[in-house]
Amino acid sequence: MKKGLWSIWIFFILLFLFIAAITYYKRSLEPVSVSDNSTIFTVEKGSTLNEVAQGLKEKNLIRSRLAFRLLTLFQGKEREIKAGKYILSPSMSSAEILQALVEGREIRYVITIPEGKNMYDVAKLLEEAGLFPRSEFLKEAKNKKLLKSLGVPGDTVEGFLFPDTYFVSAGLNATEVIEIFVKRFWQVWKENGFDEKIKETDLGIKEVVILASIVEKEALLPKERSLIASVFLNRLKKGMRLQADPTVRYGLLVDKGIYPRRLRTRHLRYKSPYNTYIIKGLPKGPICNPGVQSIRAVLEPVKSDYLYFVSMNNGAHKFSKTLEEHNRAVYRYQIKKLRPK
């Protein structure tokens, strides 16, 4: 073969290898997956670029250690990566991850929303953590434009602030934090197959979350959640009022800013779209933020004929099928026990 032809062949081979290398390099910088599951990544003080790249690969946050190192070197940022704890996601590209490490966007707040807390509790929790004023959160929690964009049915974000532990970066505003909480709700909803489960019921998403929020406040023992859900569903089918004490308390909180531990007769008579002693059917909206087990209890209730339950003052409840049985249980576990000797 002539020398000129050899040169042409070598040129095209090198060109092909160059294009393949560039393509592989670009592909290696893309996100590992579309998952939004965040993870904590720590850059220790004094860590080398190789150690950072190795750690990212082990956490499955990047596709290629070599590609990440080359990206960092090409941008001249190998000495700009800052030590600290970071919230990173496999849905971030290598360039986005590098930018976060260079800017020092580390974790500043660990926020835990317990099951059964309402949006007023969450607002206080965020204010005490030093993120932003309680009033700012509550204002955005009623922002109809924001609620619509997040797919939240109703007038507030109540019920959709999913109970979990969150790692929140400094500088986020109330809107951004609410988006994090609500997106987590929808993620858990889909992961648990609730989109399919709800098709087996006559309920909409809002109704499921409302009922789950009541179950969350009523059930002290996890094993009773499904049974309590069945009681409320049975009462709804029969057109009976739910008569759930936590709904009364929530209505008083919304209207008057009070949350009485012990309800009086005047409280039960207070007119509110949340007071299920007065209104028929479900209250206006959720009364707290339920966890996944309470949502599951509503979508997968046990079959029962129970219409009533009363606390036995030990965390458990006595369930009854008739009003006569219920009245006897109330006398035994409430009136008789609480009556002074």
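**Helices, strands and loops**

Reader: At what angle do helix H10 and H11 pack?
Author: Helices (H or I, at least four residues) and strands (E, at least two) are DSSP runs, numbered from the N terminus. Axes are lines fitted to C-alpha atoms, for helices over the stretch in contact, and angles run from 0 to 180 degrees between N-to-C directions. Helix H10 covers residues 205-218, and its axis and that of H11 are 9 Å apart, with an angle of about 130 degrees.

Reader: What does that make H10 to H11?
Author: Angles under 35 degrees count as roughly parallel, over 145 as roughly antiparallel, 65 to 115 as roughly perpendicular and the rest as oblique. The angle of H10 and H11 is about 130 degrees. H10 is therefore, relative to H11, oblique.

Reader: Which atoms do the side-chain values use?
Author: This is a predicted model, where local features need pLDDT of at least 70, side-chain atom pairs count only at pLDDT 80 or more, and totals for chains, interfaces and linings use all residues.

Reader: Is the crossing of H10 and H11 left-handed or right-handed?
Author: A crossing is left-handed if the near helix is turned anticlockwise from the far one by less than a right angle, and right-handed if clockwise. The crossing of H10 and H11 is right-handed.

Reader: How many charged residues has the contact of H10 with H11?
Author: Contact means heavy atoms within 4.5 Å, and here Leu211, Ile214, Val215, Glu216 and Glu218 of H10 meet Arg225, Ile228, Ala229, Phe232, Leu233 and Leu236 of H11. Ala, Val, Leu, Ile, Met, Phe, Trp, Tyr, Cys and Pro count as nonpolar, Asp, Glu, Lys and Arg as charged, and the others, Gly among them, as polar. This contact has 8 nonpolar residues, no polar ones, and a charged count of 3.

Reader: What does the angle of H2 and H3 make H2 to H3?
Author: Helix H2 (residues 49-58) packs with H3 at an angle of about 135 degrees, and their axes are 9 Å apart. H2 is therefore, relative to H3, oblique.

Reader: How many polar residues has the contact of H2 with H3?
Author: Leu49, Asn50, Val52, Ala53, Gln54, Leu56 and Lys57 in H2 touch Arg65, Phe68, Arg69, Thr72 and Leu73 in H3. By class, 6 of these are nonpolar, 3 are charged, and the polar ones number 3.

Reader: At what angle do helix H3 and helix H4 pack?
Author: H3 spans residues 65-74 and H4 spans residues 94-103. Their axes are 10 Å apart, and the angle is about 55 degrees.

Reader: Which residues of H4 are buried?
Author: Buried means under 20% relative accessible area, exposed over 50%, partly exposed in between (1.4 Å probe, protein chains only). The buried residues of H4 are Ser94, Ile97, Leu98, Ala100, Leu101 and Val102.

Reader: Which residues is Thr165 in contact with, leaving aside its neighbours within four places in sequence?
Author: Thr165 lies in strand S4 (residues 165-169) and is partly exposed, with a relative accessible area of 35%. Thr165 and Thr112 are 53 residues apart in sequence but 4.1 Å apart in space, C-alpha to C-alpha. Beyond the neighbours set aside, Thr165 is in contact with Val110, Ile111 and Thr112.

Reader: What does Tyr166 count as at 6% relative accessibility?
Author: Tyr166 is also placed in strand S4. Not counting residues up to four places away in sequence, Tyr166 touches Tyr109, Val110, Ile111, Ile113, Ile180, Phe181 and Arg184. At 6% relative accessibility, Tyr166 counts as buried.

Reader: What is the phi of Asn313?
Author: Asn313 sits in the loop between strand S5 (308-311) and strand S6 (317-320), and is partly exposed at a relative accessible area of 43%. Although Asn313 is not a glycine, it has a positive phi of about 65 degrees.

Reader: What radius of gyration has the protein chain?
Author: The radius of gyration is taken over C-alpha atoms, and the globule rule is 2.2 Å times the number of residues to the power 0.38. A compact globule of 341 residues would have a value near 20 Å, but the protein chain has 28 Å.

How values were computed:
Residues are numbered from 1 along each chain as its sequence is written. Side-chain values use heavy atoms; hydrogens and water are left out.
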